[in-house]
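Hi everyone, thanks for making the time. I'd like to walk you through one model today, going from the overall picture down to a single residue.

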Amino acid sequence: MGSVAQRDLYARMLRIRLVEEKLAELYPEQLIRCPVHLSVGQEAVAVGVCAALMPDDYAVSSHRSHAHYLAKGGDLKAMLGELYGRVTGCCKGKGGSMHLIDRSVGFLGAVPIVGSTIPIGVGAALGSVMRKESRVTIVFFGDAATEEGVFHEAVNFAVLKQLPVVFVCENNLFSVYSSLAVRQPSTREICEVARGHGIESHRGDGNDVEAVYGLAKAAAEKARAGSGPTFLEFKTYRWREHCGPYYDNHLGYRSEQEFEEWRARCPIARLNQRLLQWGSVAQQDLDGIEAALVAEVEEAVAFAKSSPFPEPQLLQEHLYAP
Amino acid sequence: MTRDLKFFQAINEATDLCLARDPSVYLMGLHVPADPKGVFGTTLGLQKKYGPERVMDMPTSENGMTGVAIGSALVGMRPIMVHQRIEFALLAVEQIINQAANWHYMFGGQNAMPLVIRMLIGRGWGQGPQHSQSLQAMFAHVPGLKVVMPVTPHDAKGLLIAAVEDNNPVIYLEHRWLHDIFGPVPEGHYTVPIGKARTARSGSDVTIVATSYMVLESLRAADLLARNGIEAEVVDVRTLRPLDVGHFIESVRRTGRLVAVDGGWRSLGFAAEILALVAERAYGTLKASPARVTFPDLPSPSTPALAQYFYPRAMHIVNEVRTMMGLPEVTEDQLGIRHETPLDVPDKAFTGPF
């Protein structure tokens, strides 16, 4: 493995898992008063990709952005403050869970309109080229976004201008309750569609963080070298409901069996086993990592819950930039 | 030093100046460099001077390329986009309204969005329902956007420079029939502040609040009214959002009468907003019910045979004023108006094709 240790990848995935499981636990309190789209089960893509980046590289994302934000280094307390609608939030409470941002680590923003940040990420890459900056831009999106016109418009332009972009399609097989089968021809892989635009495209196991890291590292280095964009498709699976803290297999849009098959491929458990098998890390060490993360999450939740709400005058502020 | 320039030359000069002053400014639009006429002359010669990276053509991807412009603006560039007709920009409404307009407010004031989108509106020469709509009210409805509509070459240059230097998304609407009008334009750098109206003509009997090309029709109407001793004040709003409300409210308080004139649809339109604001803030000073002169609530037909009844002219404004002053309506014949050119062109030099 390259510059990022397996142990770090494990800790980063576990951190996201613990944050989101905590959110799921707390959500019924009705204090988080905005929609939440949890990434539980999909952590490997966010962590594997972001581990391949430099701190000042850019990333944009969509509605399911908690994992991307945290993996890119986004501030946990500012994220939780935002979900709790507090003035300490990353948008001072104006954005909510679907609009995470932390410009200090290059996380330019997330929005819930499917596909909308794809051209915005490409534009950030164009801007960094025009400004002669050596940055890579990562564009995170889901399988449904590849059905949007802007996806094709943006990929076409990125290829045309050979921009330093890595398109990361997190294919979790569903757009809300609609499976890929009702949205795209079964005879065609998303990766192949992208390849039709003349972009180097690869598929990888989205539940294997080391596989994700390997593909992302190569794509990011290629982009940084000025050799153009890459498209990466990672199949993975969302464990919990599309929006909200619960499980929803009982609704019947997917089978319990399918869910269990994917849960058996948990990216965190898989790396945990590898770490222990290869003897590189002791269980004690992993327990220590978890204990520290649990404490960090508890502290961040306490911070968010005790943060003040914005003052009423904040409603009128920020309409225009000065 | 001030000299007379055409409106399109003023836009070209403003763009040139912005590109020269600030390396983060770039210009992008379909056919911008490829069009031998240079988007009605407004972009002519700029690519030769600044190269294909700063004056660029683009794929026919209005929504995607607006997103690209937004993304570049987020990281410090100052893009100017051009759409040869406003209707093409409708493909980009998702990026303009959901994204460009929201990113500053929604992220708690963190992002600047220095983006200018020029959109051409127009009328005549059979442009038809999808090449002649005036959708200023739609864009001006959205908080977070700024919307300007210059009328004079002076304001065309000064407002474009102000728009490029603004840290917010500015929709810059230019009327095709204004491109060839002459007017004094100072050399060098100057700005016309966004959010400030202009009194185009002073008067004491009625306030005519107008936008874009309809300011010229309003000034014609004011000349005709003056023949009968009626002095109309004409306010060129210049910026629809943020609107300089105080400017025309003050005028209406003096004149006691209001006609709002807008080249856009009537219902829920910009003229309706002007009437609402006057009703709220100057109701007690009104001597007569205010009136609107607008397009009818219909798509714009192509044939000149129907278009002549679609587009309001000076005569319609004159008659609204006469009605509120208790005078009978008059015809163009009675006003001595003879149309030396057909009604579907702005002047004799205009020979199409668009």
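**Chain B, from the whole to the parts**

Let's start with contacts, meaning pairs of residues whose C-beta atoms, placed from the backbone, lie within 7 Å. Of the contacts in chain B between residues at least 6 apart in sequence, 78% join residues at least 24 apart.

A quick word on the ground rules. This is a predicted model, where local features need pLDDT of at least 70, side-chain atom pairs count only at pLDDT 80 or more, and totals for chains, interfaces and linings use all residues. Residues are numbered from 1 along each chain as its sequence is written, while chains are lettered from A and ligands numbered from 1 in the order in which they are written.

Chain B has 14 helices and 14 strands; these are DSSP runs numbered from the N terminus, H or I with at least four residues for helices and E with at least two for strands. The radius of gyration of chain B, taken over C-alpha atoms, is 20 Å, close to the 20 Å that the globule rule gives for 354 residues, so chain B is as compact as a globular protein of that length. That rule is 2.2 Å times the number of residues to the power 0.38. Along the principal axes, the C-alpha atoms of chain B fill a box of roughly 60 × 45 × 45 Å.

Now, burial. We call a residue buried if 20 or more other C-beta atoms, placed from the backbone, lie within 10 Å of its own, exposed if 12 or fewer, and partly exposed in between. Buried residues make up 55% of the 354 in chain B.

How is chain B divided? There is domain 1 (2-186) and domain 2 (198-335), with bounds from an automatic or database domain assignment. Their centres, over C-alpha atoms, are 27 Å apart. The contact between them takes 24 residues from domain 1 of chain B and 21 residues from domain 2 of chain B. On the domain 1 side, the residues divide into 13 nonpolar, eight polar and three charged. For that count, Ala, Val, Leu, Ile, Met, Phe, Trp, Tyr, Cys and Pro are nonpolar, Asp, Glu, Lys and Arg are charged, and the others, Gly among them, are polar.

Let's zoom in on strand 11 of chain B, residues 232-236, where five of the five residues are buried. Ala232(B), Val234(B) and Asp236(B) point one way, and Glu233(B) and Val235(B) the other. In a regular strand the side chains alternate between the two faces of the sheet.

What pairs with strand 11 of chain B in the antiparallel sense? That is strand 9 (residues 198-201) of chain B, over three bridges, and two strands count as paired if DSSP finds at least two bridges. Strand 10 (residues 206-210) of chain B runs parallel to strand 11 of chain B and is joined to it by five bridges.

Last stop: His104(B), in helix 6 (residues 103-106) of chain B. Why does His104(B) count as buried? Because His104(B) has 22 C-beta neighbours inside 10 Å. Beyond its neighbours within four places in sequence, its contacts include Met113(B), and also His318(A) and Tyr320(A) from the other chain.

That brings us to the interface: 34 residues of chain B are in contact with 36 residues of chain A. Helix 3 (62-74) of chain B gives the most to the chain B side, with ten residues.

That's my tour, happy to chat!

Definitions and conventions. Contact = placed C-beta atoms within 7 Å.
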